[in-house]
Amino acid sequence: MGDEISHRHFEADDFSQFRQNLDNETEHLATLFTGKGFSGRGDILGFELEACIVDSDGLPASINRELLTVLDYPLVVPELAEFNVELNGSPVSVTGKVFSRLHDELRTTWNACHEGAKLCNSRLVSVGILPTLEPGLLNSGHMSDMVRYHALNDRILALRDGAPVHISIHGSDELVMHHDDVMLEAATTAFQVHLQCRPENFVADFNAAVAASAPLVALSANSPFLFGKSLWCETRIPLFEQAIDVGKTYPPRVSFGNDYANGSLFEIFHENQSKHPILLPYVQDEPRDKFSHLRFQNGTIWRWNRPLVGFDYDGQPHIRIEHRVLPAGPSIQDCVANCAAFYGFVRALTNLKVPIEECIPFSVARDNFYAAAKHGLDANVVWTEGEIPVRKLILDLLLPMAREALEPMEIPTDEIDEYLDIVQARVETGQNGAAWQRTWVEKHGTDFSGLVQAYIDLQETDKPVHTWPI
């Protein structure tokens with residue numbers, strides 16, 4: 001879905017041809033799963049960090065084209081709204097000082113964006129939901145000038161028969177509203193981690209990522225405010241799901257999913273083909289082993305853990321898991337620490353003697369996820385031995401297991417400690433991004449402009465959020 005398209009409107013023939021190509025490519029993908037046709041390389045990490053551009057008052061600045069022109073930086077691209085950009089990272093093998101390498105690249109890209117923003121009289125902020133956003137800014141007039149975004153908006157509204165999007169989120173406050181397009185999605189910004197998997201680990205890695213989603217969203221939550229309301233600790237989760245709602249006729253495009261992977265990750269690609277209507281029938285003149293239509297269809301279905309087909313540098317196809325649970329920010333250090341926790345938790349759970357999906361039913365993993373998104377580090381979840389506070393689960397079980405799982409992987413102990421210690425301190429203090437924002441408002445009042453400016457000042461120090469003063 002990251003690729004641009006050449007036209008916005010489609011004919012019946014486009015849908016027919018796209019469907020034929022999608023079916024052929026899905027059939028071909030099945031042969032790769034059964035015939036060991038994927039790259040054997042794995043345990044490779046990458047990332048995407050979405051960010052907001054703001055003015056000197058912390059208000060959204062719709063200047064991403066101006067910023068991107070000044071930057072001329074290939075790793076930074078537009079996002080849905082004109083006040084959003086996305087920073088991309090290069091794939092890194094999980095060995096040696098892997099997390100430091102991720103940090104160094106992201107920090108370098110972030111610094112380039114920071115300097116570019118200054119030239120545009122603006123600043124960059126990495127936060128799950130920008131507290132100064134107002135509904136009036138989230139309309140197609142502020143949509144990035146990329147054809148695919150406008151076409152996507154057209155198609156989602158068409159599936160809804162023109163009905164407005166209904167938002168209903170209940171937290172400390174309540175938000176109930178209607179909206180006329182998909183631009184509410186632009187309020188949600190994430191730090192998406194990609195894990196390229198070895199074929200023998202496809203199912204285990206995916207199921208572990210699903211089960212680990214609850215503790216990961218709890219420890220990383222950074223989206224407590226939307227339109228002046230104090231809602232979930234990670235309000236980004238229900239907002240994204242509701243903003244891309246295609247109505248009751250069709251399966252949701254944004255969801256936690258329906259089940260673990262049982263025998264093969266192909267089950268999910270088959271579901272994409274057979275159960276989800278085509279949103280953008282953009283026909284491409286590509287051979288079926290490029291999977292252009294399958295990948296495009298997959299790019300319009302946003303599971304919180306999403307398997308993707310990609311290609312190695314030598315053209316071999318691979319499977320990677322895009323973990324969409326983590327919000328953007330608060331600091332670059334925090335983002336990379338969250339990445340280390342994600343990989344450590346996944347690898348720890350795949351090392352269990354009994355597969356995690358046999359210990360925790362999918363319905364429980366899903367309930368855990370939404371409880372953690374709503375309550376953050378104050379959530380209780382259900383684990384293998386019953387109900388447990390999520391902070392205790394992370395501190396007493398998952399972090400020690402993650403350290404033990406990472407040690408045999410030729411990652412230096414001080415590298416593991418540097419990043420997992422950040423997570424540990426954050427959980428021990430209870431101060432993730434959501435908690436810091438709420439405490440700031442309790443002390444200073446609902447001055448969201450002041451909140452964003454204070455947040456950016458601290459973010460620019462690159463110190464982890466558990467050390468931030470109020």
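Me: What is the bridge partner of Leu49 in β3?
Reply: In this predicted model, Leu49 is bridged to Leu87 of β3.

Me: What makes β1 and β3 a pair of strands?
Reply: Pairing requires at least two bridges between the strands. Five bridges join β1 to β3 (residues 84-88), and the two run antiparallel; therefore they count as paired.

Me: How do you know that β1 also pairs with β4?
Reply: Two bridges link β1 to β4 (residues 92-93) in the antiparallel sense. Ile44 stands opposite Ser93 of β4.

Me: Which bridges connect β1 with β8 and β5?
Reply: β8 (residues 191-196) is antiparallel to β1 over six bridges, and Glu48 has Gln192 as its bridge partner there. With β5 (residues 123-125), β1 forms three bridges, again in the antiparallel sense; Val54 lies opposite Arg123.

Me: Why is strand β1 called mostly covered?
Reply: A residue is buried if its relative accessible area is under 20%. In β1 (residues 44-54), eleven of eleven residues are buried, so the description applies. Both faces are covered: one side carries Ile44, Gly46, Glu48, Glu50, Cys52 and Val54, and the other Leu45, Phe47, Leu49, Ala51 and Ile53.

Me: Why is Asn153 called buried?
Reply: Asn153 has a relative accessible area of 7%. The cut-off is under 20%, so Asn153 is buried. This residue lies in helix α4 (residues 147-159).

Me: What is the volume of the second largest pocket, and which residues are closest to its centre?
Reply: Its volume is about 210 Å³. Of the 13 lining residues, Phe33, Pro199, Glu200, Phe202 and Ser264 are the closest to the centre. Two elements, α1 (12-34) and α5 (202-220), each give two or more residues to the lining, and α5 has the largest share, with three.

Me: How do the lining residues of the second largest pocket divide by type?
Reply: Eight are nonpolar, three polar and two charged.

Terms used
Residues are numbered from 1 along each chain as its sequence is written. This is a predicted model: local features need pLDDT of at least 70, side-chain atom pairs count only at pLDDT 80 or more; totals for chains, interfaces and linings use all residues. Side-chain values use heavy atoms; hydrogens and water are left out. Buried means under 20% relative accessible area, exposed over 50%, partly exposed in between (1.4 Å probe, protein chains only). Helices (H or I, at least four residues) and strands (E, at least two) are DSSP runs, numbered from the N terminus. On a 1 Å grid over the protein atoms alone, a cavity is a set of points where a 1.4 Å probe fits but cannot get out, and a pocket is an open set with protein on both sides within 12 Å along at least five of seven lines; lining residues have an atom within 4 Å of a point. Grid points are joined across faces, edges and corners, and a volume is the space filled by probe spheres set on the points. Ala, Val, Leu, Ile, Met, Phe, Trp, Tyr, Cys and Pro count as nonpolar, Asp, Glu, Lys and Arg as charged, and the others, Gly among them, as polar.
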